[in-house]
Amino acid sequence: MADVEAKKEIIKNAIRGIPDFPHKGILFWDVTTIMLNHQAFQYSIDLFAEQYKDKKIDVVAGFEARGLIFGAPLALALGVAFVPLRKPGKLPGDKISEEYKTEYSTDKIEMHVGAIQPGQRVVLVDDLIATGGTLAAGINLVKKAGGVVVEAACVIELPFLKGRDKIQGTDLFVLVEKEGL
Ligand SMILES: O=P(O)(O)OC[C@H]1O[C@H](OP(=O)(O)OP(=O)(O)O)[C@H](O)[C@@H]1O
Ligand SMILES: Nc1ncnc2[nH]cnc12
């Protein structure tokens, strides 16, 4: 059985870097190659589940699109609810929304009204933190709903973009670090 550092190394090695996507100058870290590797995918969920199993989590909230891939299995592993934070116009019910900027776009996320109850303990999940804009917007949405943000969890952090500065006051748990071009 691999130890924590060995699992992180397997995950790190399973992530593919693609230069100049979606724009020139961006080194895009592609997690589809984690999902091709059952062991690396399983280890990602196992390490997240280990981090949160004793933290009295009520809800895992995952960001469209790539945060859904890691968030939903984590919710099942913890035996708690899963809430999707979606791009505009996708959720059918009443919703609240928050605008944000990423490394290469301006966007908006939405959440169903009533998906998170006041006082519920929430962990936010995404594949990657770059500038931190997405996570900051998710934190605001959960707080608007009255939820308690326990922590944010990402598979990858790009430390050179200083995303942690944008989510000050919220702890961040990451599995691997990657660099830019
Ligand atoms: O820390 P930030 O600068 O906010 O960037 C990180 C976000 O950017 C990517 O999503 P993207 O908006 O590209 O959407 P996608 O998952 O639908 O591809 C990534 O999956 C994170 O959600
Ligand atoms: N460099 C990057 N690779 C993959 N997803 C991203 N989202 C924001 N920046 C990214």
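Hi everyone, let's start with one residue: K162 is exposed, with a relative accessible area of 53%. Exposed means over 50% relative accessible area, buried means under 20%, and partly exposed is in between, using a 1.4 Å probe and protein chains only. K162 sits in the loop between β8 (148–157) and β9 (172–177). Its phi is near 55°, a positive value in a residue other than glycine.

Before we go on, a word on what you are looking at. This is a predicted model, in which local features need pLDDT of at least 70, side-chain atom pairs count only at pLDDT 80 or more, and totals for chains, interfaces and linings use all residues. Residues are numbered from 1 along each chain as its sequence is written, chains are lettered from A and ligands numbered from 1 in the order in which they are written, and side-chain values use heavy atoms, with hydrogens and water left out.

Now the overall picture. The chain has five helices and nine strands. Here helices (H or I, at least four residues) and strands (E, at least two) are DSSP runs, numbered from the N terminus. Read from the N terminus, the order is α-β-β-α-α-β-α-β-β-β-β-α-β-β. The radius of gyration is 16 Å, close to the 16 Å that the globule rule gives for 181 residues, so the chain is as compact as a globular protein of that length. That radius is taken over C-alpha atoms, and the globule rule is 2.2 Å times the number of residues to the power 0.38. Along its principal axes, the C-alpha trace spans about 40 × 40 × 30 Å. Of the 181 residues, 46% count as buried.

Let's move to the ligand. Which residues come nearest to ligand 1? Of the 17 residues around ligand 1, the nearest are D126, D127, A130, T131 and T134. To count as near, a residue needs one of its heavy atoms within 4 Å of the molecule. The shell residues divide into five nonpolar, five polar and seven charged. In that sorting, Ala, Val, Leu, Ile, Met, Phe, Trp, Tyr, Cys and Pro are nonpolar, Asp, Glu, Lys and Arg are charged, and the others, Gly among them, are polar.

β7 (121–129) and α5 (133–144) each supply at least two residues of this shell, and β7 gives the most, with four.

What about polar contacts, meaning pairs of N or O atoms within 3.5 Å? A polar side-chain atom of D127 lies 2.6 Å from an oxygen atom of ligand 1. For K87, a polar side-chain atom is 2.8 Å from a ligand oxygen. G133 takes part through its backbone, with a polar atom 3.4 Å from an oxygen of ligand 1. Taken alone, ligand 1 exposes 500 Å², and the protein buries 87% of that; these areas come from the Shrake-Rupley method with a 1.4 Å probe.

Let's stay with α5. This helix has 12 residues and reaches 16 Å from its first C-alpha to its last, close to the 16 Å expected at 1.5 Å a residue. The expected span is 1.5 Å times one less than the number of residues. Is α5 mostly covered or mostly open? Mostly covered: nine of its 12 residues are buried, including G133, T134 and L135. Just after α5, G146 takes a positive phi of about 90°.

Most residues other than glycine have a negative phi, and most peptide bonds are trans. The bond from F21 to P22 is cis, with omega near -5°, and P22 is in the loop between β1 (16–19) and β2 (27–30). D20 lies in the loop between β1 and β2 too, and its phi is near 60°, a positive value in a residue other than glycine. At 37% relative accessibility, D20 counts as partly exposed. D20 and L181 are 161 residues apart in sequence, yet 8.7 Å apart in space, C-alpha to C-alpha.

There is another cis bond from E64 to A65, with omega near 0°. A65 lies in the loop between β3 (59–63) and α4 (66–78).

Finally, look at G114, in the loop between β6 (106–112) and β7. G114 is partly exposed, at 47% relative accessibility. From G114 to A145 it is 31 residues in sequence and 7.6 Å in space, C-alpha to C-alpha.

Conventions: Polar contact = N/O pair within 3.5 Å; in protein donor to acceptor, adjacent residues only side chain to side chain.
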